[in-house]
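Okay, thanks for coming, everyone.

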Amino acid sequence: MVEQLIDTDKLKKIAEEVISREDVRLLIGYRKGTFGFRMRPAFVEEVSEVGELEFTPACVNNLATYLTNYERPPLPRGTTNDTRKVAVMVKGCDSRALLQQMVELAYKRDDVIILGIPCNGVIDPAKVDKRFPEAKGPGDVKREGDNFTFSADGKTETVPAAEVIADKCTRCRYPTPLVYDELLAPEVERFADDTYEDIAGLEKRGSDEKWAYWEEKFSRCVRCYGCRNVCPMCYCDECVLDRLSPQWMRRSVDISENTAYHISRAYHLAGRCIQCGECQRVCPMDIPIMEMNRKFYKDVAEFYEYEPGTDAEEKPLLSIFSVDDKEDFIL
Amino acid sequence: MAEKILIKERLGDALGELSKFRLLAPTKSDEVVLFKQIDDPAEAYLDYLNSTVPPKRVVFPQTETLFKFRAGEPDLEEKDPSEGETVIWGLRPCDARAMAIVEKLFNWDYEDPYYLKRREETTLVGLACSSIPSVNCFCTSVGGHPFGTEGLDVLLTDLGDKYLVEVVSDKGAKVAEALSGLLADAAGADKEAAAKLSTEAEKGISRTIGTEGLQEKLLNLWENPLWKKVSAACLGCGVCTYLCPTCHCFDIQDEVEEDEGRRARMWDSCMFCEYTLHGSGHNPRPTRRERTRNRINHKYSYFPSKFGDIACVGCARCINLCPVNIDILDILQQVVEA
Amino acid sequence: MMKNPYIPYRVNIIDTWFETPGDRCIKTFKVTFADEKVWETWSHRPGQCAMVGMPGVGESMFCISSSPTEKEYLRFSIMRVGKVTQAMHTLEQGESFYIRGPYGNAFPVDDWKGKDIVTVGGGIGQAPLRPVIQYIRDNRGDFGDLKLIYGARTSADHCFKDEFAEINQKGDCACHLSVDVEEEDWPHYVGFVPALLMDVAPSPDNTIAVTCGPPVMIGFVLKNLMELGFAPTQIYTTLENRMKCAIGKCGRCNVGNLYVCKDGPVFRYDQIKDVAESTA
């Protein structure tokens, strides 16, 4: 029987200890959202803020992104950056982003305190919103066996997990964080495997069919850059998209630039994407971004036996070379 | 003009009649609802909540050409912004109201020929929100109403097997004229039914915010710690602004292809770092804290101080679609309480 | 409907020269409209701006650095910093570029008649002050005493050097010049502009002060003017921000609820003193 894993009191106690430390400036966790069954990121700087922390199966955000997606404006004269540690709560999938960021030397292991959350699956907010369009909330979500129970506005309803669980969780191979300082609950054993069934259709399509398929999806893109900004691996100092001089990609929104955008991004993530699926979750235009990322992921795994974000000692895929590397696709 | 009735069975015929105009209606692809030009009435998806992208895009396209030029030719070729007589069928009252609000800016002193031309040639046929599209809708707090007609030319009310058709402008009368063969006079009971739906719809709105005094109060909260708190999770993407029916900021860029090119404008977002970045490298809004503050202040203080209206119609898209649940009502509540 | 405000006029370069050397050199362009008829409708006031650009490259906002009293041409002095200005710097006499405008408000020079005027400029910040000075010199009898206070990093970095010499010779305006760092054969003041201002110490009586320059300099100049007894209503300055449309539509140039492109660029200090977002 799979149950709610995280004891909130224990979480708060640990968080209090961590944020009380002299060498810690910030703890990034989750707190209740503002409506429906939303949970949202919490930025705790004081012990007094610890009370709002919580972990439920509605905690979908990959908080690892906040370790790289922050701004570095020039500092006022005479001040220096606060270089104390940041503590972050991560699920199994999210922990892989931390590993990959560290493999890429985005920061050092010592710079972060990792509070690991063994996880047996989170909900898909889109599916939940559809199921409970009238839930004002903010409500609660709990895991009870093979169900999720949703309580809001004085009502409670139980829904089979399979109906509202995030797709990525149905093929999760790393339910327990791969890197952590403290684990907030006992390890969860692997309960699923990834057979790439979801992209089998994509792989079978011919070029024309693929083009027609993606043309329809990309034509919807409004280039809000939600996918890029939420991505824990998109953290270049200056993104190729934003550069105005020289301008590599036009700001015009049309099928040609949109396609260039999505293909560039997919390529830049090849061998780096850790499959958290945040890009697709946040896309307001329902573009199946992860289909591209998953195809690259599968190819990288098959061609090079490489899985990003699984080994702290590994080097980035594109910086290693073996004479045995597959190359028959090179023209 | 007296209220009319359009029987739903004749909706297809009505949309067919309107095909002499450039006709746009909500359409669905995957989970996304967008206003698109329809050739076949069956493409119209009117059983919808609200569109993902507001129909502002029809009068204010995400990318449009201002003029074209050619190497070696000194004369610039001005782009005719006209798209022909257009009818948007079935948009929500909040999105129509947004156009009426934004139009004030595009008319401010310098007339923007591109926006105004399309606004002028577009007729808005609204579909009243008999049931409230989202738990986060708050139009009544910012001067709108689920059955509001500001900005609209015609308002439709879904009465089950028929629509009550209310013409509210001369442009609307033209559309009603085109449909005259399909419309019958409304009975008193139809009008009563619509009035009842309107009252109930208003009650169906669960979220509210008191906006009185916000315009001045916001200016006095410049350095308040709330801005850091509410923007801490912001990712700096453009979801809230691009999908906002009143956001109207744009960039202008030149694009060259071999020896010809165009000057084009495209939506921009105040949440992007480059938006205010000076050539010198200085940025007057260096972090998301300043950008979030500007977004809220612009909507609830600056715009009303210039044009009288709050530049927010309460459609709730920014709340529903924010990747990190930054909620404009939550922010405004903190402003009220600060 | 009025003319499409996004369509620029073509102008021909009748003369061009470098004001200063270096990476961020400043080049002045003297231009006239390719279509002479534009002159019939064109009228600008000192302090107003124009969008200047080249199709295929883009546009940027620059102040018109000539006074309306200088007929038959417009002047722009442009520092090479970004994409547009780099392209502009490649242009020579006989070539063309495009402008639209005039945009923004202006220095209310006609309200200043009968008063003493002091301008305080730094670096390229002299460009919007030049039309004010020129306007006063061309209507010399209408105004009282005119003092010009100006400095740059080195003497080579001084804009409008030749004009300062001409002004000094004619004697219709007192020029007080400075360089930030000591250099050989420099006969004038050494030090930053705000210090030079204190050295000149203009009286606030019946006087208007106008200042333009880098934000840091403006900050100190404003402080020092107040110290000299100037009221905020006697002080004018200009603000700048990134702009795209220049006509109050595109959204980005606001400082609080003021659009720099339309409500500015000229502000009386009391208008912006308490606007948190302004640099002044």
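So, one definition before anything else: I call a residue buried if 20 or more other C-beta atoms lie within 10 Å of its own, exposed if 12 or fewer, and partly exposed in between, with C-beta atoms placed from the backbone. Also, this is a predicted model, so local features need pLDDT of at least 70 and side-chain atom pairs count only at pLDDT 80 or more, while totals for chains, interfaces and linings use all residues. Residues are numbered from 1 along each chain as its sequence is written, and chains are lettered from A and ligands numbered from 1 in the order in which they are written.

Chain B, then. Helices (H or I, at least four residues) and strands (E, at least two) are DSSP runs, numbered from the N terminus. Look at strand β7, residues 122-127 of chain B: six of its six residues are buried. In general, side chains in a regular strand alternate between the two faces of the sheet. Here T122(B), L124(B) and G126(B) point one way, T123(B), V125(B) and L127(B) point the other, and all are buried.

Who sits beside it? Strands pair if DSSP finds at least two bridges between them. Strand β6 (residues 86-91) of chain B runs parallel to β7(B), joined by five bridges, and W89(B) stands opposite V125(B). Strand β8 (residues 154-158) of chain B is also parallel to β7(B), with three bridges; there, G126(B) faces L155(B).

Zooming out, an automatic or database domain assignment sets the domain bounds, and chain B splits into domain 1 (4-204) and domain 2 (214-337). Counting contacts as C-beta atoms, placed from the backbone, within 7 Å, domain 1 of chain B puts in 33 residues and domain 2 of chain B 25 residues.

On to chain A. Which order do the strands take in its open sheet? They go β5-β6-β7 (chain A), three strands with antiparallel pairing. β5 (140-144) and β7 (155-160) of chain A stand at the edges with a single partner strand each, so one side of each has no neighbour in the sheet. β5(A) and β6 (residues 147-152) of chain A share five bridges, and K142(A) sits opposite T149(A).

Last, chain C: seven helices and 15 strands. Of its 280 residues, 49% count as buried. Among contacts in chain C between residues at least 6 apart in sequence, 69% join residues at least 24 apart.

How values were computed
Two residues are in contact if their C-beta atoms, placed from the backbone, lie within 7 Å.
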